[in-house]
Amino acid sequence: MKAIGYKENLPIEDKNSLQDIELKTPKATGRDILVEIKAISVNPADYKVRAGMPVEGDDWKVIGWDATGIVKEVGDEVSLFNVGDEVWYAGDFTRQGSYAQYQVVDERIVGKKPSSLSFPEAAALPLTSLTAYEMLFDRLQVSKDDASKSILVIGAAGGVGSILVQLAKKLTKLNIIGTASREETTAWLKDLGADAVINHRNKLSEEFEKYNLAAPDYIVSLNATEQHADEIVKVIKPQGRFGFIDDPKTFNIMPFKLKSVSTHWEFMFTRSMFQTEDMIEQHNILNKVSELIDNGTIKTTLGENFGVINAENLRKAHAFLETGKAKGKIVLEGF
């Protein structure tokens, strides 16, 4: 099968950073299904791993954690899917990824693809939907029916933020404050349902004062957490809840003590990486999001389609994503 992989951690400008390769098609056993991949999307996790995770031995490393496709084979313990089903998933951090024509994945982290979306439209959503849903309802345990509470989403116009804002708007009564720094991303967030948008290039506390915003009960930081940490402490409501997903080089939790703020990491791959007893919750979340899309409650966060799945186009996608200027998600389709 065709695949795209790397053997060395190289800058994306280097043609060897991602290469077109041929690999043996895997087989489905146990609770695994074999998926013929139709479309994928690119996430910050992709370029972080490509640049920083060494390859063991002489094997190729195939990355990618968002895919849509068709089930071609099922393992002998599979009960959730049949051959021919259209599926979507974000995969498992410890296994080969979705930059390939075929991929094996545990059925418990796979959902039914939204029937109202094309393969590339749907590919934009699995990882970000899982991350956003788990952050809101598993980590922060937000109040769904309390209209007096508010949430601040820092870096809200990116992939995770674009779906998190929608989920918060449609599934809770929270007042939603997003951050953006450009006219087009500000408009994007308002279209997705943000009640207010502030500029994260300015001090958050000054933006809250400027727009007369109440201290948020919840804050989610999706990027530049280290940069915003002091301001997060200033603006969050006492006894609030703070969650983040990025990788700050340092993070001092002590300033949160005086306000008794609880702090939460969200890492979407935890359930599959550790085979947790509730691993099947990702199957349930993906099916729930699929229903929300098909009934028109939320929409795809597709930003741009970079064409067919090959090394050249993936290098372009990584390079653009590394600029931090992406709006929504970058997808690729077909081989």
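Predicted model: local features only at pLDDT ≥ 70, side-chain atom pairs only at ≥ 80, totals over all residues.
**Ala224**

I started with Ala224, which sits in the loop between strand S11 (218-221) and helix H7 (225-235); helices here are DSSP runs of H or I with at least four residues, strands are runs of E with at least two, and both are numbered from the N terminus. Its phi is near 55 degrees, a positive value in a residue other than glycine. Ala224 has a relative accessible area of 29%, so I put it down as partly exposed. For the record, buried is under 20% relative accessible area, exposed is over 50%, and partly exposed is in between, with a 1.4 Å probe and protein chains only.

Residues are numbered from 1 along each chain as its sequence is written, and side-chain values use heavy atoms, with hydrogens and water left out.

**Gln141**

I then looked up Gln141, another non-glycine residue with a positive phi, near 50 degrees. Gln141 lies in the loop between H3 and strand S8 (150-154). At 49% relative accessibility, Gln141 counts as partly exposed.

**Helix H9**

Which residues of H9 are buried? I noted Gln282, His283, Ile285, Leu286, Val289, Ser290, Leu292 and Ile293. Their cover includes strands S5 (86-89) and S7 (110-112), plus helices H3 (126-139), H4 (159-171) and H8 (270-273). Just after H9, Gly296 takes a positive phi of about 85 degrees.

**Ser129**

From H3 I picked Ser129. Ser129 is buried, with a relative accessible area of 0%. Leaving aside neighbours within four places in sequence, Ser129 is in contact (heavy atoms within 4.5 Å) with Ile163, Leu167 and Val289. Val289 is also on my list of buried residues in H9.

**Aromatic pairs**

How many aromatic pairs does a search of the whole structure find? I got 13. Rings of Phe, Tyr and Trp (its six-membered ring) pair if their centres lie within 6.5 Å; planes under 30 degrees apart are stacked, over 60 edge-to-face, and the rest tilted.

Phe242 and Phe256 have ring centres 5.4 Å apart and planes at 10 degrees, so I logged the pair as stacked. Phe242 is in strand S12 (241-244) and Phe256 in the loop between S12 and strand S13 (262-265), so the pair ties together parts 14 residues apart in sequence. Both Phe242 and Phe256 are buried.

For Phe244 and Trp265 the centres are 4.1 Å apart and the planes at 45 degrees, so this pair is tilted. Phe244 lies in S12 and Trp265 in S13, so parts 21 residues apart in sequence are tied together. Phe244 counts as buried, at 1% relative accessibility.

**Lysines over rings**

I also looked for charges over rings (NZ of Lys or CZ of Arg within 6 Å of the ring centre and within 35 degrees of the ring normal). Lys113 lies over the face of Phe119, 5.0 Å from the ring centre. Lys144 lies over the face of Phe137, at 4.7 Å.

**Salt bridges**

The whole-structure search gave 23 salt bridges, each a side-chain nitrogen of Lys or Arg within 4 Å of a carboxyl oxygen of Asp or Glu.

Lys72 and Glu36 meet at 3.3 Å, N to O. The pair links distant parts of the chain, Lys72 in strand S4 (67-74) and Glu36 in strand S3 (32-42), 36 residues apart. Lys72 is partly exposed, at 41%.

Arg108 bridges to Asp106, with the closest N and O atoms 2.8 Å apart, and both residues are buried.

Glu266 pairs with Arg139, the closest N and O atoms being 2.8 Å apart. Glu266 is in the loop between S13 and H8 and Arg139 in H3, 127 residues apart. Glu266 counts as buried at 2%, while Arg139 is partly exposed at 24%.
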